[in-house]
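Work through the exercises below with the structure open. Each task is followed by a solution in steps.

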Amino acid sequence: MRNRLHDLSIRRKFAVVLVPLVLTILVFDYFQIRDSFLDYKDSTRLNKAIIVGIEINHVVHEIQKERGITSGYLSAKGESFAQELMAQRERTDSTLQVFYREVNDPRLDDVMQIHGKDIEDLKTYFNRLSQIRSQVDDLTLTPNRAIEYFSDINGAALNTVNDLINETRDKTLAQQVHAIIYFLKSKERTSIERAMGTQVFAVKRMDNDMYNTYSSLVSAQESYLDAFLTITNEESREYFERIVKGPDVDEARRLQQVLLTNRSFDEDPSHFYNVLTGKINSLKMVEDFMSDRIHNYTETVAASANREFVLFVVIDLVVAIITFLLVGSIVRNIVSNVNILEAFTKKIAAGDLSDEVHVSARDELGHYADTFNVMVEEINKSHAELKKERDQAEYLYENIYKQSEVVFENVHQGIFLLDKDFKISNLYSRAMEDIFEQKKIGGENFGNFMRPHIIPRDLEALEMFMKHLFNKDMDEEVVNQLNPVEQVKIFTEADGIVNTKYIRVSFTRIERNGEIQSIMATISDETESVLLQQHLEEAEEKKKRETEQVLSILKIDPAVLQGFLHNSKKIIKGISERYEANKGRDLKELMNFTFETIHNLKGNAMVIGLDLMREKFHLIEESIAEFKEKDVAGKDFLTILYEIDEANKILEDMEEMLHKVASVYKNLPSEGQLVTNIMLLDTLEKGLEKMSKELDKPVSLTFKNEKNLVIPDNLINPFKDVMIQLMRNSLSHGIESANVRVALDKMVKGNIIVSVDRTDQNEMIISYCDDGKGLDIEEIATKAVEREIITEASLEDMSDEEIARLIFNNGFSTAGKADDYSGRGQGMSLVKTIIEENGGAFDINFVPGQFFEMNMRLPLLANQNEPIEAAS
Amino acid sequence: MKLLIVDDSSIMRRTIEKNLGDYDLEIVGMASNGKEALEMVKDTMPDVITLDITMPQMDGITCLESIMQIHPEAKVMIITALSDKLTGLQALDKGARGFMYKPVNPDDLTKAFDKLLNRNAN
């Protein structure tokens with residue numbers, strides 16, 4: 001019930017409160033108005049009743065007079081009062097006529113409705129008058145009986161008047177009505193007194209019954225008058241006392257005393273009648289005055305009741321209208337304001353905060369509206385704050401996050417973060433994908449990610465390293481010293497092609513609140529710089545080689561070098577020619593030939609001190625030796641030929657450089673050829689020194705040039721080649737080691753003597769001699785048989801010298817092991833070849849344990865005495 | 001604080017000795033191999049140890065493991081010429097707190113001591 005009441009709309013709530021209130025007021029007003037209306041009706045009715053009453057009183061007054069005259073008439077037995085009686089009967093009848101006319105007046109209908117029966121009863125009393133009169137005329141009535149009859153009529157009339165006016169709601173009026181009734185009763189008694197007195201004085205006697213009647217009549221008359229005077233108002237009393245006095249009243253009191261003393265009745269009855277009539281007329285004036293006053297009063301009361309009624313109705317209507325207007329206006333105002341607020345809150349709820357709400361009333365709703373406005377303002381402020389912050393955030397996003405994204409897109413380094421589980425952050429720089437040629441790198445464990453790219457040992461180290469990186473007890477710098485991928489070679493695969501890259505990965509801890517939150521890793525592709533580094537190293541190497549070449553060239557006699565280069569190129573060319581010619585035939589023989597040739601070139605390089613070429617030829621020699629161990633296939637030659645070709649290129653490079661250097665030599669003041677020879681000797685000495693050191697056999701070279709012979713161009717190389725082979729042979733086989741020499745009582749240092757001379761037959765005579773152990777004929781013979789150079793049988797026919805010469809045979813070697821200096825038996829056969837190629841001849845001479853000597857003769861050509869040409 | 005220097009090179013041992021910086025380190029021993037070092041650790045219980053990895057008889061890593069069993073509070077700094085990162089990381093795994101490569105220059109050595117001692121003082 002209460003909830004249903006609470007749920008009502010405001011308009012209905014007002015109705016619930018106001019309707020009972022208004023109804024209560026209306027009911028109350030209804031009683032008030034009805035009261036006033038009844039007062040009015042009462043007064044109006046009373047007013048009319050009084051009119052009827054007055055008319056009745058007039059009739060009573062006339063009947064009273066008629067009674068008095070009739071009493072006198074009867075007492076005098078018709079002798080007197082006859083005229084008066086006739087006149088009185090006419091007056092009585094005329095007042096009766098007035099009364100009858102009056103009661104038939106339609107204005108008195110409402111009075112007649114209530115008192116109609118009383119009036120009708122009264123009329124029957126009045127109708128008795130004619131019967132009484134006829135008995136009076138016949139003189140068949142006693143005066144007392146006549147008085148009695150008349151008094152009955154008057155009694156009924158006064159009772160009717162009493163009935164007519166006795167019902168009133170107004171206390172003042174009721175009091176006056178009672179007063180006048182008492183007064184009328186008193187007046188009636190006075191009138192009876194007049195009739196009785198007139199009768200007594202007429203007969204001049206009064207019996208006891210009559211006296212008793214008279215004394216009680218006077219007593220009643222006095223009592224009613226006292227009652228009247230007691231309850232009537234001041235005004236009526238004053239009027240009474242002013243009017244009812246004078247000679248008649250005094251005379252009436254004297255005559256009354258006469259009658260009451262009951263002694264002599266000599267008074268004139270007419271005198272008594274007139275005196276009493278005078279008194280009664282004055283009483284009639286008081287009666288009329290009072291009737292008039294009551295009539296006026298009732299009119300006033302009716303009018304005032306009427307005014308009151310109208311006023312109440314009007315005031316009620318006005319109050320009702322004003323109330324409804326006010327309440328209606330207030331309710332409308334409240335409801336409209338509530339509606340405004342409701343609409344506004346709905347608008348707010350819908351998110352529209354652009355407006356203010358305006359409620360003109362300064363009541364609670366007005367305050368609500370103000371509060372709403374403040375609230376909306378606050379909300380707007382907060383919105384503005386939020387918008388500002390959002391704008392800032394957007395700004396930050398636009399300008400920082402996006403920039404960093406742009407950086408991440410464009411930076412050439414791989415950048416990403418590692419979390420505690422070593423997972424790669426989802427945000428990483430684009431370069432990562434380029435470096436690893438892989439997409440969608442984010443979220444993967446970095447160790448797993450690197451697994452296919454690096455070697456297992458590095459991977460193991462990387463995992464251990466990351467663990468230490470996240471250990472905050474470990475110093476970052478200390479750990480970073482051990483970064484296993486600081487520079488690492490990685491293998492990436494894209495479209496089936498494996499690429500090799502060099503990357504550098506560095507790690508930086510990102511700490512927050514003293515904890516290592518993540519690790520920032522940066523990866524840069526160092527492939528180019530590493531390759532550049534390698535290239536630079538190679539270039540450095542090449543430069544070093546070139547420098548060496550230049551230095552080699554500078555320290556070697558240009559003529560010797562030029563000869564060496566020329567000769568070497570020619571020999572190498574010979575190899576490829578031989579290869580072409582030998583195609584499909586004996587590969588083994590070809591291989592042997594190649595080996596011998598290269599070995600020779602190596603020896604030459606060594607003797608002139610050209611380490612670069614010596615090393616190169618040695619490498620080729622090693623390669624050939626490898627092939628010699630197994631069955632030779634054609635393709636094996638390709639490798640060797642390639643290497644030989646490389647050697648040829650170096651030779652060409654050197655030749656070019658030599659030409660440049662030669663132009664410098666040409667400008668030297670001394671004679672070119674001499675310089676050349678000095679340098680040749682120097683070269684041989686150095687070569688020997690080198691061999692001596694490496695074989696740990698101390699030896700010295702003595703060069704004897706008796707005729708100061710300048711070796712011609714064409715013989716420089718053959719001379720040098722022969723000398724080198726011979727010196728090598730001496731050191732390898734001839735000259736004993738130092739302790740053996742000491743044991744043999746020889747000089748610790750071995751000695752080699754070379755002498756150059758010239759014959760008249762344009763021959764150059766070269767003599768070579770060492771103080772070694774000479775030749776062991778037995779050993780040579782055994783070896784030669786072992787190597788199938790000769791048969792054992794043919795040895796029988798050979799001289800010692802013939803056996804000794806077997807050392808010049810191809811394939812003969814006495815040393816067990818091949819090295820730079822001894823070779824594989826080609827050395828001495830090469831000497832023989834060179835001498836023979838140059839049209840020379842030789843012989844050998846030796847004493848076992850003492851020395852070995854070889855004498856050679858080489859023809860000199862006339863035109864070969866000129867110095868070398870720079871441009872040749 | 002007590003310092004033990006373990007290195008098979010006497011030159012190295014002297015270099016470390018000379019470059020202790022401002023630290024109040026009392027050298028309680030110098031060992032030239034792992035076995036010797038272990039004996040000294042047992043005897044002197046040093047606070048700080050500099051440890052070489054490549055040494056005769058007992059290498060640094062094995063030695064470090066044993067040191068950590070005997071004296072886990074020791075602050076060990078590896079000073080090595082070995083360029084293999086994995087070995088270095090293994091040393092950290094076994095409990096080494098400092099690490100530096102040979103050849104040692106005096107400034108780096110002082111810095112390494114700074115780190116080793118400050119960090120552990122925190």
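A crossing is left-handed if the near helix is turned anticlockwise from the far one by less than a right angle, and right-handed if clockwise. The model is predicted.

**Exercise 1. Describe how α6(A) packs against α10(A).**

Step 1. Locate the helices. In chain A, α6 covers residues 171-203 and α10 covers residues 269-349.

Step 2. Take the geometry. The axes lie 10 Å apart, at an angle of about 165°.

Step 3. Classify the angle. Angles over 145 degrees count as roughly antiparallel, so α6(A) is roughly antiparallel to α10(A).

Step 4. Assign the hand. α6(A) crosses α10(A) in the left-handed sense.

Step 5. Sort the contact residues by class. The contact of α6(A) with α10(A) holds 18 nonpolar, eight polar and five charged residues.

**Exercise 2. Summarise the fold of chain A.**

Step 1. Count the elements. Chain A has 27 helices and nine strands.

Step 2. Chain A has 872 residues, and 32% of them count as buried.

Step 3. Check contact range. Consider contacts in chain A between residues at least 6 apart in sequence; 70% of these join residues at least 24 apart.

Definitions and conventions:
Residues are numbered from 1 along each chain as its sequence is written. Chains are lettered from A and ligands numbered from 1 in the order in which they are written. This is a predicted model: local features need pLDDT of at least 70, side-chain atom pairs count only at pLDDT 80 or more; totals for chains, interfaces and linings use all residues. Axes are lines fitted to C-alpha atoms, for helices over the stretch in contact, and angles run from 0 to 180 degrees between N-to-C directions. Helices (H or I, at least four residues) and strands (E, at least two) are DSSP runs, numbered from the N terminus. Angles under 35 degrees count as roughly parallel, over 145 as roughly antiparallel, 65 to 115 as roughly perpendicular and the rest as oblique. Ala, Val, Leu, Ile, Met, Phe, Trp, Tyr, Cys and Pro count as nonpolar, Asp, Glu, Lys and Arg as charged, and the others, Gly among them, as polar. A residue is buried if 20 or more other C-beta atoms lie within 10 Å of its own, exposed if 12 or fewer, and partly exposed in between; C-beta atoms are placed from the backbone. Two residues are in contact if their C-beta atoms, placed from the backbone, lie within 7 Å.
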